[in-house]
Amino acid sequence: MKLLILLSIFAATAIASQKRYDGYQLFQVTPKDRASYDALVQLYEQSEDYDFWIAPRGIDIAMDVMVPPARVATFVELMHAFRMEYRVKMIDVQTVLDMAREERAQIPRVATPRYSVDWNTYYDFNAISAFVNEIAAAHPNLVTVSSIGRSHEGRDIPLVKISSGGAGKKAIVIDGGIHAREWISPAFVTWLINELTENYAAHPQYVDNVDWYIMPVINPDGYQYTFAPLGDRLWRKNRRPNNNGIGGSSCMGTDMNRNFGFHWNEGGSSSNGCSDTFHGGAAFSEVESQHVRDAILAVAGPAEMYLTFHAYGQYWLTPWGYTSTLPSDYTQLYNLAVSAVNQLTAVYGTRYTIGSSTNVLYVASGGSDDWAKGGAGIPFSYTVEMRDEGLYGFELPARQIIPNNWRFGRPLSDG
């Protein structure tokens with residue numbers, strides 16, 4: 001019976017790509033034994049009908065799965081067949097998206113804003129691009145903006161360098177927006193750029209002692225698509241068509257965070273071009289991943305830290321993502337993460353789980369954090385999964401942008 005249910009899921013014809021999510025439900029599912037966990041892993045790896053907002057992590061660990069209306073009955077039958085615990089977190093995903101959009105529309109706008117973005121709401125890629133150039137013009141002694149290259153659709157990917165000058169300084173490399181739907185990531189990264197420059201006088205040591213290389217949106221095509229009138233708010237990948245027969249598919253997009261060339265395609269990614277975790281035809285097959293690689297390698301010598309920001313779940317993750325084996329310097333990685341998380345908890349009470357990606361979450365090879373450490377040689381490399389723990393999912397209310405952010409205390413580079 002269980003096998004028949006799984007086969008019916010995989011054999012079903014895939015529904016057309018949806019721009020609206022009427023009738024889609026978000027389930028929280030907890031596998032209770034190895035058989036139920038393996039069934040969910042099989043679903044995660046082989047079926048593009050189900051969108052795992054939180055991927056399978058282990059027995060007795062909850063995960064979030066968005067299910068299309070045509071699959072709800074079969075999915076519930078699967079839950080019962082394997083005796084899994086489950087509950088519906090969102091009875092209609094489109095209603096949640098609509099409510100979030102309405103809430104953002106009601107946020108008052110500053111009559112004469114200083115910059116094209118603020119941190120009371122979320123902004124598209126065009127506004128973020130304008131912002132980085134505006135802040136560079138306002139602080140030419142601290143900020144320079146360059147393009148690391150163009151995306152598949154021709155958008156310049158900005159790199160913001162923040163430095164007070166001087167030679168021999170260590171560097172921190174930061175990126176955001178690798179997954180298009182994770183809006184809190186570019187919101188945080190742009191806030192950080194603003195904080196380091198506009199409030200430089202309050203904490204000059206962060207810029208005087210360290211050079212910052214910040215890429216606020218490294219998947220600009222996908223990110224802009226989540227804002228587009230004919231786009232998809234829950235789009236994850238980049239926007240290059242997979243029309244070359246890879247995975248036997250003509251679907252759109254590659255998961256850039258499975259496309260980096262350190263232990264690429266060694267688990268936790270898909271060869272199915274329609275999957276949200278499609279790893280591409282080869283390591284660094286995507287032009288955006290290539291540009292990010294080259295930009296990081298250009299500053300890898302002085303770089304002591306790499307931070308890539310994601311959502312959601314509140315995790316501070318170390319390499320490795322491709323194996324449960326820990327890096328040889330895991331103690332140092334862990335201790336520095338504890339210091340950073342303690343600051344976050346002290347300010348807003350937000351708690352983060354710390355550990356290696358595979359041991360805390362799941363296997364995910366081809367990630368940028370693994371490559372930054374294992375490929376580029378940056379000692380302290382982290383993935384930060386920001387707010388929240390699943391109540392709002394990817395629609396974190398704009399009012400939580402500021403509480404999500406850091407208050408500067410002990411420098412992260414004091415490792």
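## Briefing: strands, fold and selected residues

Ile162 faces Trp212, a residue of strand β8. The model is predicted, so that local features need pLDDT of at least 70 and side-chain atom pairs count only at pLDDT 80 or more, whereas totals for chains, interfaces and linings use all residues. Residues are numbered from 1 along each chain as its sequence is written, and side-chain values use heavy atoms, with hydrogens and water left out. The chain has 13 helices and 12 strands (DSSP runs numbered from the N terminus: helices are H or I with at least four residues, strands are E with at least two). Its radius of gyration is 21 Å, close to the 22 Å that the globule rule gives for 415 residues, so the chain is as compact as a globular protein of that length (the radius is taken over C-alpha atoms, and the rule is 2.2 Å times the number of residues to the power 0.38).

**Overall chain**

- Along the principal axes, the C-alpha atoms occupy a box of roughly 70 × 50 × 45 Å.
- Of the 415 residues, 58% are buried (buried is under 20% relative accessible area, exposed is over 50%, and partly exposed lies in between, with a 1.4 Å probe and protein chains only).
- Among contacts with a separation of 6 or more, 74% join residues 24 or more positions apart (contact means heavy atoms within 4.5 Å).
- The accessible surface is about 16200 Å², and carbon and sulfur atoms contribute 51% of this area (Shrake-Rupley method with a 1.4 Å probe; for residues, only the protein chains shown count as cover).
- The chain carries 33 positive and 43 negative charges, whose mean positions lie 2 Å apart (Lys and Arg are positive, Asp and Glu negative, while His and the chain ends are not counted; the charge is placed at NZ of Lys, CZ of Arg, CG of Asp or CD of Glu).

**The open sheet**

- An open sheet is formed by 4 strands in the order β2-β3-β1-β4, with antiparallel pairing (two strands pair if DSSP finds at least two bridges between them).
- At its edges are β2 (51-52) and β4 (85-90), each of which pairs on one side only.
- Strand β2 is joined by 2 bridges to the antiparallel strand β3 (residues 63-67).
- Phe52 is placed opposite Val65 of β3.

**Strand β6 and its partners**

- Strand β6 (residues 156-162) has 5 of its 7 residues buried, so it is largely enclosed by the rest of the structure.
- Strand β5 (residues 143-150) runs antiparallel to β6, and 6 bridges connect the two.
- Within this pair, Val143 has Ile162 of β6 as its bridge partner.
- The two strands β5 and β6 make a hairpin with 5 residues between them, and Gly154 in the turn adopts a positive phi of about 95°.
- Strand β6 also pairs with β8 (residues 210-215), in the antiparallel sense and over 3 bridges.

**Selected residues**

- Ser357 belongs to helix α11 (residues 357-360).
- With 9% relative accessibility, Ser357 counts as buried.
- Beyond its neighbours within four places in sequence, Ser357 contacts Leu317, Thr318, Trp320, Gly321, Tyr362 and Asp369.
- Asn265 lies in the loop between α8 (220-227) and α9 (287-299).
- The relative accessible area of Asn265 is 38%, and the residue is partly exposed.
- Asn265 and Ser365 are separated by 100 residues in sequence, yet their C-alpha atoms are 5.9 Å apart.
- Not counting residues up to four places away in sequence, Asn265 touches His279 and Ser365.
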